[in-house]
Every structure is written in C-alpha cells, then in structure tokens.
Amino acid sequence: MRILVVGAGAVGGYFGARLVKAGRDVDFLVRPARAALLRDRGLVLRTVEGETESVPVRAVTTSELTPEYDVILLAVKSYGLEGAVADLAGAVGPRTVVVPFLNGMRHLDVLTERFGQDRVYGGVSMVMTRLGEAGEIVEVGKMGELIYGPLGPSPVVELDQVHKALDGAGFTARAAEDVRQRMWDKWVFLAALGAATCLMRAPIGRVNRAPGGSEFSAAMLAEAMAVATAAGFPPSEHIRTFAEKTIGDTERETSTSMYWDLTHGNPVEGDHIVGDLLSRGRELGAPTPLFALAHTHLSVYSAGRDG
C-alpha cells in the first residue's frame with residue numbers, strides 16, 4: 001500500500017521513519033525547503049540514549065501529488081490543519097483514507113466535511129518526541145504507539161488493510177473499533193494536564209506542591225471528565241486511574257508539548273485542545289470555569305506572540 005505522511009515533524013517524522021525502515025512505500029508531503037533538506041540529509045532521528053541515525057526518505061511537494069495513495073497519515077499541529085488539508089487534497093483518490101493524529105476532536109469535523117466520513121479515520125498517537133533546532137526528531141522518552149479506526153461503517157479502505165500497512169514497523173500499532181472513545185480518553189488527559197501546567201506555568205509536580213495546587217489540578221481533571229461524560233464518552237477506568245495518578249503527582253516534572261511550546265515562545269494549540277473542550281462543555285451544559293480561564297490565558301499569550 002502507498003502511504004503519504006503529511007508533515008515530517010515530531011510525530012509524522014518519527015512514525016514515518018519507522019515505516020520507511022520497515023520497508024513500507026512511504027512519501028512525505030512537506031514544504032519545498034523541508035523537501036530539499038530531507039533529500040539532502042534524510043530524516044534525522046536522535047534517540048533518548050543520544051544515538052543519531054539518518055533515514056533516507058522520499059519527500060514530495062504539493063505540485064507532485066497524484067490521487068494514488070491508499071493511506072494518508074496526517075500529523076501536523078492543529079494551527080496548520082487548514083493549510084495541510086488544502087495541500088493533501090490532490091493525494092485523495094476514490095480509494096484513499098485520511099488517518100489524522102491530531103489532539104482533540106475538531107479536526108474530524110473539518111476532514112469529514114471535506115472528504116466524507118468514509119474517507120476519514122480517527123487516530124491517536126502516543127509518542128515522546130520533539131523537533132530539534134536543525135529539524136531532527138528528538139526522542140525524549142520511550143513511547144511509540146498509534147491507535148486508529150474508521151469513523152463510519154463503510155470506509156473505502158477497510159480497517160484490516162490499514163492495520164496491515166502500519167503494523168510491525170517498530171512501534172505499537174492498534175486497530176480500534178472504538179476509536180472515538182480512545183480519542184476522548186487522550187483528550188481528557190492531555191487537555192487537563194496541558195491547561196493546568198500552562199495556566200500555572202509549571203510542571204505538574206511543582207503545581208501540586210504549591211498551596212491549593214492539588215485541589216486545582218484535581219478540579220481541572222474533573223471538568224474535562226465531566227465534558228467527556230456529557231458528550232457520551234465517559235473516560236474509561238484505565239484512563240481515569242492513569243490521569244488521576246499523573247495529574248495528582250507531586251514529584252515528577254511532567255508536562256505536555258503545549259507547555260513546552262508556551263515556555264519556548266512557540267505557537268500553541270490552545271484553541272484546538274482547550275478552547276474546543278470549553279465550547280463543547282458550554283453546549284452540553286457542563287461547567288468549565290477553569291478551562292475558560294486557561295483558554296483566556298493561552299489566547300492572551302497567542303495574541304501577544306502574533307502581535
């Protein structure tokens with residue numbers, strides 16, 4: 001099967017490189033400058049142990065696309081979604097499915113409106129990487145998992161075919177019939193942890209050691225779980241236990257990529273991860289005062305950065 005990875009950043013670059021090394025037929029859709037760099041140097045990976053590897057990859061630009069791909073893995077930041085959808089449209093044929101690995105849920109509405117539910121999957125990525133200053137993929141922890149599944153009953157490419165294309169490539173690949181539940185589970189955890197650490201400008205352990213910190217972080221998680229429950233996707237017992245333990249921790253310096261971006265002056269996914277949860281909570285009648293405060297905080301930061 002032909003696979004197109006949209007984006008060669010911390011997520012797309014990591015999983016795409018693993019697929020290439022496993023012998024899969026993979027192209028990377030990137031901007032011309034990034035394409036030139038990849039063609040010259042390959043995709044550079046730096047492991048958590050400090051080892052560096054260059055993986056030769058095929059890079060293509062929008063003008064080179066043809067509608068002959070079977071699977072499109074969409075792995076961009078949410079603020080790049082609109083541009084990415086326009087860029088990848090030329091690769092979508094009658095037998096193509098788009099499998100996005102963005103956080104939250106808003107992107108599913110955008111993709112299904114553009115391509116139809118039968119050509120869109122849901123997806124969850126679990127990885128600890130970030131993009132280095134020279135464009136390399138830096139592994140900061142040992143984790144690599146993709147979860148994916150169709151949104152409707154009749155996808156143009158069946159789940160077992162997508163699974164075959166992604167399985168056995170050096171990371172955990174899981175086919176899921178309940179992919180929306182998996183997405184909500186990750187969103188609840190990520191939104192609560194991200195909003196709490198960004199609002200307090202500190203990793204969660206430092207937040208919880210402060211006076212009132214544990215009560216604050218627990219209340220943030222409770223708001224997120226209440227929205228998911230009102231939406232019909234109450235958190236699974238596993239994610240509830242994991243989230244309560246992680247977000248209630250007083251020792252570890254745990255945070256999220258959104259916190260990293262905020263504290264390093266980068267664009268943040270505030271609207272997609274925090275703002276969308278806030279909007280859904282208001283529509284469903286689930287009070288979210290802490291998420292409202294966090295969204296205001298992130299919006300002020302973004303306005304100052306853009307200005």
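Q: What volume does the second largest pocket have?
A: The second largest pocket has a volume of about 300 Å³. A pocket is an open set of points on a 1 Å grid over the protein atoms alone, with protein on both sides within 12 Å along at least five of seven lines, and lining residues have an atom within 4 Å of a point. A volume is the space filled by probe spheres set on the points, which are joined across faces, edges and corners.

Q: Which lining residues are closest to its centre?
A: Of the 17 residues that line the second largest pocket, Y79, V268, E269, G270 and D271 are the closest to its centre.

Q: Which element gives the largest share of that lining?
A: Helix α12 does, with seven residues. Helices are DSSP runs of H or I with at least four residues, strands are E runs of at least two, and both are numbered from the N terminus.

Q: And the classes in that lining?
A: Six nonpolar, six polar and five charged. Ala, Val, Leu, Ile, Met, Phe, Trp, Tyr, Cys and Pro count as nonpolar, Asp, Glu, Lys and Arg as charged, and the others, Gly among them, as polar.

Q: Where does the model come from, and what is left out?
A: This is a predicted model, where local features need pLDDT of at least 70 and side-chain atom pairs count only at pLDDT 80 or more, while totals for chains, interfaces and linings use all residues. Residues are numbered from 1 along each chain as its sequence is written, and side-chain values use heavy atoms, with hydrogens and water left out.

Q: Switching to cavities: how many of 30 Å³ or more are there?
A: Four, from a search of the whole structure. In a cavity, a 1.4 Å probe fits but cannot get out.

Q: What lines the largest cavity?
A: The lining is V5, V11, G12, F15, G16, L73, A75, F101 and L146, around about 50 Å³ of space. Helix α1 (residues 12-21) gives the largest share, three residues. By class the lining has seven nonpolar, two polar and no charged residues.

Q: How many salt bridges does the structure hold?
A: The structure holds 21, each a side-chain nitrogen of Lys or Arg within 4 Å of a carboxyl oxygen of Asp or Glu. One of them joins D25 and R2, with the closest N and O atoms 4.0 Å apart. D25 lies in strand β2 (residues 25-29) and R2 in strand β1 (residues 2-6), so the pair ties together parts 23 residues apart in sequence.
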